[in-house]
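Subject: The model I promised you

Hi there,

Here is the structure for you to open alongside this message.

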Amino acid sequence: MTDTWRPARGRVVCVGETMAALVPDPPGPLADAGHLRLSVAGAESNVAMYLADHGVPATWLSALGDDPLGGRVRAVVAASGVDVAHVRTDPDRPTGLMLKNPAPTGTRVHYYRKGSAASALGPDLLDHEAVRTAALVHFTGITPALSASCRELVTRALAVPAAQRRYAISFDVNHRAPLWPKGTAPDVLRDLAGRADIVLVGLDEAQDLWGADLTAATVRELLPGPRIVVVKDGSRVATAFTDSGAVTVPALRVAVVEPVGAGDAFAAGFLAGLLRGEPVDRALRIGHITAVSALKVTGDHGPLPPHSFADQLLALTDKEWETYEETPKSASERDGGGQEGRPTTGT
């Protein structure tokens, strides 16, 4: 078995759009809402914020409108310790907007981002000093769906062979069907993902894109090029395929408040683990622990558990990890209410 490749330590640059988001408060159908809560929503900035939480230097690179919503987005992302100094202010285009419409059958999202400031991003961004000096650049499949120039940005970044790139590239497939013209996403996303160093994809979205009968192993067969492919099977398991083989780690069993943002949190945790030299199985565990931080809040970004509690989780045996189930005591430890003892596991 060979040592698993991992990106060099250093700054991570996350490139992509973050929008202002309006959410019914309390949660309920948008048409019946008396009040809306203003928050922010963006896959790439979510990853940057969780990376910063883990102590990884993170820069968010994007564009915002010269408007109050843009100011709000910038302030929220910066408050998490992310470098936003290079986010461009566009005087002619607005900040993107998203509305959530919760319903018993699931939450629908309505986008108002066509012609937004971030949709004007293009391949010239790759010449930015922040990108050229990064250890890792993180993209998602959302960006190439926003505009022709955004697609060219991601395509050109990934056109450089891995051995010739100055930085590693991670790519979270993050398929958002409403953003794509019908039938165009499968080929584009497979091509882009196949050129990255690290790919993260949900098994369900892989099945929607490339075949309903896919398994984690056959997703890897579809994407033989990346050094690491992580396939997330919902709330069940995540499997990382590397040059050393496949490693599968179950997800933690916890009470879920809202699943939005958990995939971004997982990606950040996994990348943070790789960047600090952790073995792949521990990096997957860190991904799961970070995902819980998003699952326990109604927004996209929740606080990480205390270091001591996370360390206790990481120290569990494989059997203890597999049977771990959140209890009132373990939830208290996770939220900082108690630091003594080990997390409770099932039988």
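Val-231 stands opposite Thr-239 in strand S13, and S12 and S13 run antiparallel, joined by 5 bridges. Helices (H or I, at least four residues) and strands (E, at least two) are DSSP runs, numbered from the N terminus, and two strands pair if DSSP finds at least two bridges between them. S12 and S13 form a hairpin with 3 residues between them, and Gly-234 in that turn has a positive phi of about 55°.

Please keep in mind that this is a predicted model, where local features need pLDDT of at least 70 and side-chain atom pairs count only at pLDDT 80 or more, while totals for chains, interfaces and linings use all residues. Residues are numbered from 1 along each chain as its sequence is written, and side-chain values use heavy atoms, with hydrogens and water left out.

S13 also forms a hairpin with S14, with 2 residues between them. Here 6 bridges join the two antiparallel strands, and Ala-240 has Val-247 in S14 as its bridge partner. Because 5 of the 6 residues of S13 (residues 237-242) are buried, this strand is largely enclosed by the rest of the structure. Buried means under 20% relative accessible area, exposed over 50%, and partly exposed in between (1.4 Å probe, protein chains only).

An open sheet of 8 strands runs in the order S4-S1-S9-S10-S11-S12-S13-S14, with mixed pairing. Its edge strands are S4 and S14 (245-250), each of which pairs on one side only. At the S4 end, 4 bridges join S1 to S4, and these two run parallel; Val-15 has Leu-61 in S4 as its bridge partner.

How covered is helix H1 (residues 43-53)? Mostly: 10 of its 11 residues are buried, among them Met-49, Tyr-50 and Leu-51. The buried residues of H1 pack against S1, S4 and S9, and against helices H2, H8 and H9 (contact means heavy atoms within 4.5 Å). After H1 comes Gly-55, with a positive phi near 85°.

Two backbone details are worth a look on your screen. The peptide bond from Asp-25 to Pro-26 is cis, with omega near 5°, and Pro-26 sits in the loop between S2 (19-24) and S3 (36-41). Asn-174 has a positive phi of about 40° although it is not a glycine; its place is in the loop between S10 (168-172) and helix H5 (185-193), and Asn-174 is buried, with a relative accessible area of 8%.

Best wishes
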